Amino acid sequence: MNMQVSKYFFFLLPIVLLFATSCKKTIIEETVYDEVIYQLDTLPVYSSNLEKDREKSDIQFISILYADLFGKAIAGNITGELSELKLSFGDKVTLNQMIVSAFINDPDIKIPDNQQMRDDPEKFVTDIYRKFYLRNPTAYEKYYLVKLINEDPELTVEHFYTAFALSNEYSFY
Amino acid sequence: MNRRKFIKKASLLTAGTLAAPYILPSGRLFAATGSRKVNHVIFVLFAGGIRNQESVKKQYLANQGLPTEGNVMPNILSGAEPGANLVYQPWNPVLSNPLQKSATLFPEMRYKQGPTGHYNGHTVAMTGNYTETGLNLNIKPEYPTVFEYYRKHSDPARSALNAWWMSEGLGPYPSLNYSRHPDYGSLYGANYMRPATTIGNLGQEYLSTAKDYQPDDVSRINMLRNFLDSNFANQSGPVSGIANNDEDRERIRSFVKGLLSGSNPIEWPTPTGSAQGLTGDLINIGAAWKVMEEFQPELMVINTFNLDVCHSNFSQYINFLHRADHGVGWLWNKIQGPEGAALGLKDDTVMILMPEHGRNLDPNNVSDNNGLSAYDHTSDANSRQIFSLIAGPPSVIRQNEVIGAGSVPVGESIDIIPTIAELLGFRDQIPSGMLPGRVLHEAMV
């Protein structure tokens, strides 16, 4: 029931915002939709990754990635420039990897530190699934990743954030 | 039957039984791996719309009401350069002998069907099939590209590191690295780059701070990513884009990082090697050489595009034509010089040049600062006239030959892909009916 409410909220919010700001004709509905969703924090939207069957466009991917890593909406000119950059290279995974690692290298990035991850691995895993995938981890996913964190002291938050950002599921909605 | 005969017959029977499932539709036991004529083919799509008048016919300004004729492509074509009324800045040729001396020239080829649009022309040249499809930014070509034929039908299979599409200009052109054909697609596509963007200002701004991860970090990230991907039961197909394996991807990432940081500096194909006089076309050619140097791809398609300025500025069109010619000469010089020899490219590379289409016979209403008329391309007969030059080692390509004339055109734009397939030895493996063009055997020894 809560999930149903979330979904209605998810779809109605952009419409409400569209009316509220109806004098601004330059707003593109889909862009508003992405930005609004990713400014809301940690609300699971999907009950399963099976619900994700549409690939994000370059603009969607970049906007969402930026919001996930910096905690704020991306500026329009950066979106345009990064979209052009993505278009210029055929191997999207390689280019995404370079963009992600450049973002992660940015001092303004907002990610947990390694100690926070190790203090409460279960919370870290749940939070990262909600942030990147907008869903809760399955019991197996949580068990496996918590076990990895506990068994590998060299595993870092940066490894997780990079892997999630480059994963196939993150490219779909 | 004695024991020896029994063993012999049984062995033959067993061998036949084992081999039968592997007999190809062509009747051969295995794919014809030994039939390739060279191991590298570079297809330079000399694009942007080039008229035969200013290229192979060497008429220079003769159609502008001035008496001066001459060859503005001295690296590619034989013939003296214009001696007067220069509207371009001449650069000394890179090659001591024009490429034509090492090549077969088809001066009168035809782009027979479909609109003479740049994207159509590129699509026809790279798929070997005429198309009526207009520009659509979101749709891949209907027919497989040359990269897909090459990667799917070469034996053994080649990785995407062996196939590169390098373009000047974005728009729809990045989509030409693979098609939407159900039997081919991204699995067999080429790596793609538009260097002026990837390693230009935008790349510098957003990629140059990308971290250089240690192998242990890469290993952990890949391990996590593989776990995440294994739990994503997506039914709508893989993520868009060409797929390299982890090892190749790391090589490509490191290569791009080297170009961005300057640790792997690019030499520009200008007379001084500096950025003076650099055009987008020359950036593309310079970066293409870096790719060849790094990966020695077996199949590469490079385009030029700056020549499209001819819609409004004929003088600049001549200038860019001259510079693009310089770039092609520079690239051939690299391939045939000591660097190419060290990489195994010398005398094992065929370079094919062809414009995607021509331009109209009659000018439009625009004049440039020199009072010279500009030309569009709206599918008249003149805009369907193109040329091709196929250069390579004397053991493979007939040298200094000219095939066809205005009254007897030979060759079509759809013939280049079958010709590449023949040179790289996978022509027989392509299913019949896929390629309507023919092999330009006239160019081969």
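**Exercises on a two-chain model**

Along its sequence, chain A runs α-α-α-α-α-α-α-α-α. Bear in mind that you're looking at a predicted model.

**Exercise 1.** Work out how many helices and strands chain A has, and what share of its residues is buried.

*Solution.* Start with the elements: chain A has nine helices and zero strands. Next, burial. A residue counts as buried when 20 or more other C-beta atoms lie within 10 Å of its own. Of the 173 residues in chain A, 31% are buried. Finally, look at the contacts with a separation of 6 or more: 66% of them in chain A link residues 24 or more positions apart.

**Exercise 2.** Find the domains of chain B and describe where they touch.

*Solution.* Now for the contacts: 13 residues of domain 1 of chain B meet nine residues of domain 2 of chain B.

**Exercise 3.** Take a closer look at α8(B): is it mostly covered or mostly exposed?

*Solution.* Count first: 13 of the 16 residues of α8(B) are buried, so mostly covered it is. Then check the length. From first C-alpha to last, α8(B) reaches 22 Å, close to the 22 Å expected at 1.5 Å a residue. Last, step past the end: B:Gln296 follows α8(B) and has a positive phi, near 45 degrees.

Note on methods: Residues numbered from 1 in each chain as written. Chains lettered and ligands numbered in written order. Predicted model: local features only at pLDDT ≥ 70, side-chain atom pairs only at ≥ 80, totals over all residues. Domains from an automatic or database assignment. Contact = placed C-beta atoms within 7 Å. Helix = DSSP H or I, 4+ residues; strand = E, 2+ residues; numbered from the N terminus. Buried ≥ 20, exposed ≤ 12 C-beta atoms within 10 Å, placed from the backbone. Expected span 1.5 Å × (residues − 1).
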